[in-house]
Amino acid sequence: MTPFRSLMVFDTAIDADAFARSCRDWGVDTPCLHPGFLEDERMAQALDRHGLRSWLNIPVFCDLKYLERHPDAYAVTSLGRRAAQDWLHFVCPSRDDYLDGAIEGLRGNLARLSPAVVSLDFIRDFVFWERVALDGPSAGIEDGCYCPICLSRFEKACGEIIDRKDPSAYIHRHLLQPWADWKCRRILEVAERIFGEIGALAPGIALAVQTLPWRETDLDGAIRSRAGQDVPGLAQQADMVAPMAFTQMLGQTTRWKEQLLAHVRASTGKPVCFYVQAEALYRAGNITVEQFDAELTQARNSNPAAIVALQYEQLAARPEKAEILRKHFRP
């Protein structure tokens with residue numbers, strides 16, 4: 001199977017036609033957009049003019065605009081504060097009214113774009129994984145949600161009463177496994193509902209799920225107990241799995257990435273997506289042209305379902321790296 005050749009883009013103020021031209025020139029066949037690009041017709045029309053497919057990436061529980069209107073819907077973290085860090089603002093996963101509205105918005109987006117791929121991103125509980133060291137302590141990870149709605153639902157599910165003075169400490173001391181299982185079930189329910197809606201509205205679309213770049217054994221099982229992600233369970237509902245395995249961001253090697261993707265492929269039975277950073281994020285240092293070239297070579301040799309470059313705004317400012325992408329992506 002020929003992998004999707006994708007490029008992520010975030011700035012909705014960019015010139016849509018220039019973006020589409022760049023994608024075509026660089027060999028990108030399925031650019032990855034978030035729903036903010038669908039508030040008008042410019043991007044959809046530009047992609048169509050240049051003969052490009054599209055990839056719609058849905059940020060399920062990350063929704064700052066909604067939270068600005070409904071601040072009571074913020075998830076509550078293990079530190080007892082709103083789930084907001086840097087650009088990441090998280091809705092409580094137990095808010096059924098939010099989910100109803102998000103699905104209504106999805107219906108409109110599918111009608112406007114007719115994408116080839118739809119992925120569920122932020123299909124988890126709150127955790128800012130980009131700043132979590134894989135060799136660090138799991139106890140230091142701030143996660144959510146510990147709001148009254150989530151705690152009450154968990155109490156009903158497990159038959160226990162939670163000490164509300166410090167619910168995070170109580171749960172992690174006494175009920176960690178039931179808590180992890182309950183969080184994962186809720187996220188699986190949400191994914192099933194959204195994927196079911198997509199399948200009913202647009203059968204034949206390739207479905208992907210974004211997952212944290214952690215194994216089940218990493219950080220004392222934090223992918224389940226903190227993020228609420230049952231990766232094999234989520235993968236059952238999708239055609240491909242997209243672990244957010246960014247080597248520079250996490251201070252890891254290409255060997256680590258190869259092993260992580262092999263683990264996800266083996267544990268889910270699904271093909272995986274390969275993400276490649278163009279520029280450094282969150283950690284000091286830089287990604288050289290040679291490193292970018294080498295990781296794209298690794299991606300092409302790994303038989304991925306998709307190769308996704310991060311990100312357009314950076315490549316547009318670095319023509320030498322755009323040329324490397326073109327070398328690998330042009331058929």
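This is a predicted model: local features need pLDDT of at least 70, side-chain atom pairs count only at pLDDT 80 or more; totals for chains, interfaces and linings use all residues.

Student: Which residues line the largest cavity, and what makes a residue part of a lining?

Tutor: A lining residue must have an atom within 4 Å of a point of the space. For the largest cavity, these residues are Thr211, Leu212, Trp214, Glu216, Ile223, Val231, His263, Val264 and Ser267. Their classes are five nonpolar, three polar and one charged. The space itself amounts to about 50 Å³.

Student: How many cavities of 30 Å³ or more does the search find?

Tutor: The search of the whole structure finds two. The second largest cavity has a volume of about 30 Å³, and its lining consists of Pro93, Ser94, Asp125, Trp182, Lys183 and Arg186. Two of these residues are nonpolar, one is polar and three are charged.

Student: What is the make-up of the lining of the second largest pocket?

Tutor: It has three nonpolar, eight polar and one charged residues. The lining is formed by Thr247, Gln248, Gln252, Thr253, Thr254, Gln277, Asn286, Ile287, Gln291, Phe292, Ala294 and Glu295. The volume of this second largest pocket is about 170 Å³.

Student: Which helices each supply at least two residues of that lining, and which gives the most?

Tutor: Helix H10 (247–250) and helix H12 (289–300) each supply at least two. H12 gives the most, with four residues.

Student: Turning to helix packing, why is H4 called roughly parallel to H7?

Tutor: The axes of helix H4 (residues 96–113) and helix H7 (residues 176–201) cross at roughly 25 degrees and come within 11 Å. Angles under 35 degrees count as roughly parallel, and therefore H4 is roughly parallel to H7. The crossing in which H4 passes H7 is right-handed.

Student: Which residues make the contact between H4 and H7?

Tutor: H4 contributes Asp96, Leu99, Asp100, Ile103, Leu106, Arg107 and Leu110, while H7 contributes Arg186, Val190, Arg193, Ile194, Glu197, Ile198 and Leu201. Eight residues of this contact are nonpolar, none is polar and six are charged.

Student: At what angle do the axes of H1 and H2 cross?

Tutor: Helix H1 (residues 16–26) and helix H2 (residues 42–49) have axes that cross at roughly 35 degrees and come within 8 Å. H1 passes H2 in a right-handed crossing. Ala16, Asp17, Phe19 and Ala20 of H1 meet Arg42, Met43, Ala46, Leu47 and Arg49 of H2. By class, the residues of this contact are six nonpolar, no polar and three charged.

Student: Which value of omega goes with the cis label of the bond from glycine 144 to cysteine 145?

Tutor: Omega is near 15 degrees in that bond. Cysteine 145 sits in the loop between strand E6 (117–121) and helix H5 (148–158). The peptide bond from leucine 310 to glutamine 311 is also cis, with omega near 10 degrees. Glutamine 311 belongs to the loop between strand E10 (306–310) and helix H13 (312–317).

Technical notes. Residues are numbered from 1 along each chain as its sequence is written. Side-chain values use heavy atoms; hydrogens and water are left out. Axes are lines fitted to C-alpha atoms, for helices over the stretch in contact, and angles run from 0 to 180 degrees between N-to-C directions. Angles under 35 degrees count as roughly parallel, over 145 as roughly antiparallel, 65 to 115 as roughly perpendicular and the rest as oblique. A crossing is left-handed if the near helix is turned anticlockwise from the far one by less than a right angle, and right-handed if clockwise. Contact means heavy atoms within 4.5 Å. Ala, Val, Leu, Ile, Met, Phe, Trp, Tyr, Cys and Pro count as nonpolar, Asp, Glu, Lys and Arg as charged, and the others, Gly among them, as polar. On a 1 Å grid over the protein atoms alone, a cavity is a set of points where a 1.4 Å probe fits but cannot get out, and a pocket is an open set with protein on both sides within 12 Å along at least five of seven lines; lining residues have an atom within 4 Å of a point. Grid points are joined across faces, edges and corners, and a volume is the space filled by probe spheres set on the points.
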